[in-house]
Amino acid sequence: MKKVEAIIKPFKLDEVREGLSEIGVTGLTVTEVKGFGRQKGHTELYRGAEYVVDFLPKIKVEIVVADSQVDSVIESIIKASRTGKIGDGKIFVTPVEQVVRIRTGETDEAAV
């Protein structure tokens, strides 16, 4: 099993969720996060004063899937979230050693 974490632009969340649903992903976790990469933030104007926004709002989507689904999950996220502009985000894939469903005690792929 693998955990796929995607950092995406907030307005792309619905498209990503719908794309994942179409390929059979039944569960995901979404977190509002802030950060920056090559964008390095930007400046904004508020009441005539300019200030720097270092951390940009992003969404982190986390999904645990079987190894066989990883490539299709990545393709779906890229297809739904790509704008072609800087700040589209990143996808990280890490191994998952064990999963336990608390309610039933099911483990591993049965628990996902």
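In this predicted model, helix α1 covers residues 13-22, and its buried residues are Val16, Gly19 and Leu20. Why do these residues lie on the same side of α1? They cover an arc of only 95° around the axis, and therefore they share one side of the helix.

What covers the buried residues of α1? The cover includes strand β1, residues 2-8, strand β5, residues 56-65, and helix α2, residues 70-81. Just after α1, Gly24 adopts a positive phi of about 95°.

Let me now turn to the protein as a whole. It contains two helices and six strands, and their order along the sequence is β-α-β-β-β-β-α-β. Of the contacts with a separation of 6 or more, 70% are between residues 24 or more positions apart.

As to overall dimensions, the C-alpha trace spans about 55 × 30 × 20 Å along its principal axes. The radius of gyration is 17 Å, whereas a compact globule of 112 residues would have a value near 13 Å.

Finally, I come to burial, surface and charge. Buried residues make up 29% of the 112 residues. The protein exposes about 7800 Å², and carbon and sulfur atoms supply 50% of that area. There are 17 positive and 18 negative charges, and their mean positions are 6 Å apart.

Methods. Residues are numbered from 1 along each chain as its sequence is written. This is a predicted model: local features need pLDDT of at least 70, side-chain atom pairs count only at pLDDT 80 or more; totals for chains, interfaces and linings use all residues. Side-chain values use heavy atoms; hydrogens and water are left out. Helices (H or I, at least four residues) and strands (E, at least two) are DSSP runs, numbered from the N terminus. The radius of gyration is taken over C-alpha atoms; the globule rule is 2.2 Å times the number of residues to the power 0.38. Buried means under 20% relative accessible area, exposed over 50%, partly exposed in between (1.4 Å probe, protein chains only). Contact means heavy atoms within 4.5 Å. Accessible areas come from the Shrake-Rupley method with a 1.4 Å probe; for residues, only the protein chains shown count as cover. Lys and Arg count as positive and Asp and Glu as negative; His and the chain ends are not counted. The place of a charge is taken as NZ of Lys, CZ of Arg, CG of Asp or CD of Glu. The arc is that of the directions from the helix axis to the C-beta atoms.
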